[in-house]
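Visitor: Hi, I have just opened this one and would like someone to walk me through it. Could you put it up on the screen first?

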Amino acid sequence: MIGSRLLLFPLLLISLAGLALSQDPLVNSNVRPRPLILQPATELQKLDNEEVELRCTSWRVAVEANNLGPWKTIPEECVGYVRDYMNGKGYSSDLETVSNEAGSYARSVELSGDGKDVWIFDIDDTLLSNVPYYREHSYGLEIFDQVEFDKWVDKAMAPAIEASLKLYEEVIGLGFKVFLLTGRGEKKRSVTEENLVNAGFRVWDRLILRASEDHGKMATAYKSEKRSEMVKEGYRILGNSGDQWSDLLGSAMSFRSFKLPNPMYYIP
Ligand SMILES: [Mg+2]
């Protein structure tokens, strides 16, 4: 009888220690009561990867749904995830979905015929892809560097986002006026025009860049002001495509807005 009590005491200590360990989520999966089966290292690695994939997917969905507060860099653990998303089928499939939906809406609109029906496009990562730049800058893990980014813009080498080029051509064909509204400054007008034409965007009705008095304005405020000016001129903004919520929200919003995916950076 005494012997069995002596045996119970160390067992109780072991189970209490196990309970304490189980409070730590990182070791939790290894201390749950279950048959003791040794998992191969590769399987444990796979579980970790699945966990990262799951968490980074949730983070990306929160980005796209505009549920996150202003953020400066992507989560460190998500660099590989964002790289794979941007270079794999996910990004292009998401872009095509947005473009197709926007196209079917554009076709459904009855235009007035007075030349006042407008579709607005943002430029960076909406018409032109900066993925080649971000490939060299950890897909948004590095804090944004304006000087380095300007060097990239000056090369005028950004390729077209093909799904957006298709939509662009379609809305022009349907008779929309196309206004390009970008956060780039006036100093970048000629390289921007050069890049657009090289990438296949050959015609537009307006190209609006930040004038000197617009510098320092938040993107949402600047773009809202520009849209308000269009409305005052009698234009009807029927469609707006942008990779940032700040391209789309604010005042004088478009009748329909189309948010392109972008998990690499956030512009307020
Ligand atoms: Mg953009």
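Guide: What follows is a short tour of this structure, taken one topic at a time.

Visitor: Before we start, what kind of model is this?

Guide: It is a predicted model, so everything I describe is computed from that prediction.

Visitor: How many helices and strands does the protein have?

Guide: There are ten helices along with five strands in the protein. Of its 268 residues, 30% count as buried. Among contacts with a separation of 6 or more, 75% are between residues 24 or more positions apart.

Visitor: Let's take the strands, then. In what order do they sit in the sheet?

Guide: The five strands make an open sheet, in the order β3-β2-β1-β4-β5, and their pairing is parallel. At the edges are β3 (206–210) and β5 (256–259), each of which pairs on one side only. From one strand to the next, the twist averages 20 degrees.

Visitor: And β1, which strands does it pair with?

Guide: On one hand, β1 (residues 117–121) pairs with β4 (residues 236–242) in the parallel sense, over five bridges. On the other, four bridges join β1 to β2 (residues 177–185), and these two also run parallel.

Visitor: How many bridges join β4 to β5?

Guide: Four bridges join them, and the two strands run parallel. Within that pairing, Asn240 stands opposite Ser257 of β5, and Ser241 has Phe258 as its bridge partner there.

Visitor: Back to β1 for a second, is it covered or open?

Guide: Strand β1 is mostly covered, since five of its five residues are buried. Asp117, Trp119 and Phe121 point one way from the strand, whereas Val118 and Ile120 point the other way, and all of them are buried. Strand β4 is mostly covered as well, with six of its seven residues buried.

Visitor: Okay, helices now. Which residues of α4 are buried?

Guide: In α4, which spans residues 79–87, the buried residues are Tyr81, Val82, Tyr85 and Met86. They lie on the same side of α4, because the arc they cover around the axis is only 125 degrees.

Visitor: Why would residues a few places apart point the same way?

Guide: An α-helix has 3.6 residues a turn, so residues three or four places apart point the same way.

Visitor: What about α5 and α8, how do they lie relative to each other?

Guide: The axes of α5 (residues 89–108) and α8 (residues 162–174) come within 9 Å and cross at roughly 5 degrees. The two helices are therefore roughly parallel to each other.

Visitor: Which residues meet there?

Guide: From α5, the residues are Leu95, Glu96, Ser99, Ala102, Gly103, Ala106 and Arg107, and they meet Ala163, Ser164, Lys166, Leu167, Glu170, Val171 and Leu174 of α8. Sorted by type, the residues of this contact divide into seven nonpolar, three polar and four charged.

Visitor: Changing topic, I clicked on Asn195. Where is it?

Guide: Asn195 is in helix α9, which covers residues 189–199. It is buried, because 22 other C-beta atoms lie within 10 Å, and the cut-off for buried is 20 or more.

Visitor: And what does Asn195 touch?

Guide: Leaving aside residues up to four places away in sequence, Asn195 touches Leu128, Ala156 and Ala158. Leu128 is 67 residues from Asn195 along the chain, yet their C-alpha atoms are separated by 8.2 Å.

Key
Residues are numbered from 1 along each chain as its sequence is written. This is a predicted model: local features need pLDDT of at least 70, side-chain atom pairs count only at pLDDT 80 or more; totals for chains, interfaces and linings use all residues. A residue is buried if 20 or more other C-beta atoms lie within 10 Å of its own, exposed if 12 or fewer, and partly exposed in between; C-beta atoms are placed from the backbone. The arc is that of the directions from the helix axis to the C-beta atoms. Two strands pair if DSSP finds at least two bridges between them. Axes are lines fitted to C-alpha atoms, for helices over the stretch in contact, and angles run from 0 to 180 degrees between N-to-C directions. Angles under 35 degrees count as roughly parallel, over 145 as roughly antiparallel, 65 to 115 as roughly perpendicular and the rest as oblique. Two residues are in contact if their C-beta atoms, placed from the backbone, lie within 7 Å. Ala, Val, Leu, Ile, Met, Phe, Trp, Tyr, Cys and Pro count as nonpolar, Asp, Glu, Lys and Arg as charged, and the others, Gly among them, as polar.
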